[in-house]
Amino acid sequence: MTREPAPFTADDYAARMAAAAQTAADAGLAGLLISPGPDLTHLTGYRPTAETERLTLLVLAAGQDPVLVVPALEAPDAARAPGATALTLRDWADGKDPYAVTATLLDFRGCFGVSDNTWALHLLGLQRELPNSSYAPLTDCLPMLRAVKDERELERLAAAAAAADAAYAQVLHLPFADRRESDVAADLAGLLRAHGHSQVDFTVVGSGPNGANPHHEAGDRVIRRGDMVVLDFGGLRYGYGSDISRTVHVGEPTAEEQRVHDIVREAQQAGVAAVRPGVSCQEIDRAARAVITEFGYGDRFIHRTGHGIGVTTHEPPYMVEGEEQPLVPGMCFSVEPGIYLPGRFGVRIEDIVTVTEDGGRRLNDAPRELAVVE
């Protein structure tokens with residue numbers, strides 16, 4: 001059983017907020033406005049229990065103490081958040097204007113980085129109070145804000161990956177033939193929870209021709225002997241993500257099916273081998289894609305090679321052509337090439353990889369050979 005990681009402390013959250021504020025200043029921003037969602041959870045440990053139209057907003061700016069603007073009725077919950085002692089709470093009561101409260105904290109002519117999921121309602125309210133202010137989504141202005149993980153975050157990501165590996169090892173011993181895709185998906189979700197996941201985000205089970213759709217949702221198709229089956233599943237453990245893909249075969253594969261799987265496995269290895277500090281994200285995509293193209297399947301690899309992972313299962317950086325962001329030690333992302341043959345079958349192999357000081361390290365250890373299931 002994996003040892004449970006020690007909780008993050010108020011000092012951890014204080015350091016994250018200070019670093020984020022300084023990063024924003026270095027980028028020429030007046031500050032950051034962080035709404036409920038993964039950015040707020042990462043920076044403060046606060047995760048409101050319900051989505052609401054009432055304004056909740058963390059205000060960060062270099063040289064200023066962090067301030068969390070919250071509705072008065074939610075202030076007690078916010079005060080119990082792990083990072084609450086590292087910031088100032090400013091609450092507002094129903095009937096008051098939360099935008100007027102927030103505007104006093106902001107440079108009235110500044111440009112602010114804003115969480116991608118911030119409601120238009122709230123941005124428009126702030127613009128009404130500060131008509132000379134401007135706003136940019138974090139994906140555009142600070143896409144790497146959460147990209148580099150510290151050792152305690154890496155510990156959580158490794159634990160999540162180990163749990164996904166364990167779920168895969170067990171599902172191989174369950175029946176596939178003559179069961180619906182949704183039945184196997186339910187098995188995977190149950191196994192992730194049994195191995196410590198608090199949240200299951202997806203359980204893709206693409207059998208036969210459905211495997212040629214990378215984001216196929218498990219449905220009522222009955223899995224048959226002779227099917228290739230793409231499994232892609234993950235979620236959150238200790239607040240950090242897992243994401244793994246393996247392709248299995250119900251009964252013995254044909255020579256062609258084995259060959260396609262071997263090509264994807266070689267491409268995945270090439271992508272992982274290319275990981276090292278200073279290499280651009282697009283080079284990981286190029287390394288994996290070159291193998292598949294060499295074998296004549298380049299037009300059947302129809303998605304990027306990978307995506308970042310952290311407090312969400314998909315986040316920057318992205319391993320895709322055109323992304324010139326250099327890799328930095330502590331970045332974590334998937335490497336998941338695939339080949340998809342419409343109407344026939346698909347193959348994908350995916351691991352989570354972290355950048356080390358001199359290369360890359362897989363967090364997933366599950367076997368990558370084509371497993372035969374029954």
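In this predicted model, Tyr238 sits in the loop that links β8 (228-237) to β9 (240-241). Its phi is positive, at about 55 degrees, although Tyr238 is not a glycine. With a relative accessibility of 26%, Tyr238 counts as partly exposed, because that class covers values between 20% and 50%. Asp178 likewise has a positive phi without being a glycine, here of about 70 degrees. Asp178 belongs to the loop between α7 (151-171) and α8 (181-194), and its 67% relative accessibility places it among exposed residues. The two residues are set side by side below.

| Residue | Phi | Loop |
|---|---|---|
| Tyr238 | about 55 degrees | between β8 (228-237) and β9 (240-241) |
| Asp178 | about 70 degrees | between α7 (151-171) and α8 (181-194) |

Another backbone feature concerns a peptide bond. Pro316 and Pro317 are joined in the cis form, with omega at about 5 degrees. Pro317 is part of strand β12, which covers residues 315-319.

**The six-stranded sheet**

An open sheet contains 6 strands in the order β4-β3-β2-β1-β5-β6, and its pairing is mixed. The edges are formed by β4 (88-92) and β6 (134-137); each has a single partner strand, so one side of each lacks a neighbour in the sheet. On average, neighbouring strands of this sheet are turned by 25 degrees against each other, direction ignored. Strands of a sheet pair through backbone hydrogen bonds, in either a parallel or an antiparallel manner. Here, β1 (residues 31-34) and β5 (residues 111-114) run parallel and are joined by 3 bridges. Within this pair, Leu32 stands opposite Gly113 of β5.

Helices also meet this sheet. Helix α5 (residues 120-129) packs on it, touching β1, β2, β5 and β6, and the direction of α5 makes about 155 degrees with that of β6. Helix α1 (residues 10-26) lies across β1 and β2 (57-60), and runs at about 65 degrees to β2.

**The largest pocket**

The largest pocket has a volume of about 350 Å³. Its lining comprises 20 residues, of which Ser35, Pro36, Gly37, Glu51 and Asn117 are the closest to the pocket centre. By class, the lining divides into 8 nonpolar, 9 polar and 3 charged residues.

Is Glu336 buried or exposed? Glu336 is buried, at 8% relative accessible area, because the buried class is under 20%. Its position is the loop between β13 (332-335) and β14 (338-341). Beyond its neighbours within four places in sequence, Glu336 is in contact with several residues, including Asp232, Asp243, Arg304, His307, Arg348 and Glu350. For His307, the separation from Glu336 is 29 residues in sequence, while the C-alpha to C-alpha distance is 8.9 Å.

In a regular strand, side chains alternate between the two faces of the sheet. In β14, Gly338 and Tyr340 point one way, Ile339 and Leu341 point the other way, and all are buried. Strand β14 runs antiparallel to β15 (residues 345-348), to which 4 bridges join it. The bridge partner of Leu341 in β15 is Phe345. The hairpin of β14 and β15 has 3 residues between the strands, and Gly343 takes a positive phi near 80 degrees there.

Definitions and conventions:
Residues numbered from 1 in each chain as written. Heavy atoms only, no water. Helix = DSSP H or I, 4+ residues; strand = E, 2+ residues; numbered from the N terminus. Buried < 20%, exposed > 50% of the residue type's maximum accessible area, 1.4 Å probe, protein only. 1 Å grid on protein atoms, 1.4 Å probe; cavity = no way out; pocket = protein on both sides within 12 Å on 5 of 7 lines; lining within 4 Å. Points joined across faces, edges and corners; volume = space filled by probe spheres on them. Nonpolar A, V, L, I, M, F, W, Y, C, P; charged D, E, K, R; others polar. Pairing = 2+ DSSP bridges. Axes fitted to C-alpha atoms, helices over the stretch in contact; angles between N-to-C directions. Contact = heavy atoms within 4.5 Å.
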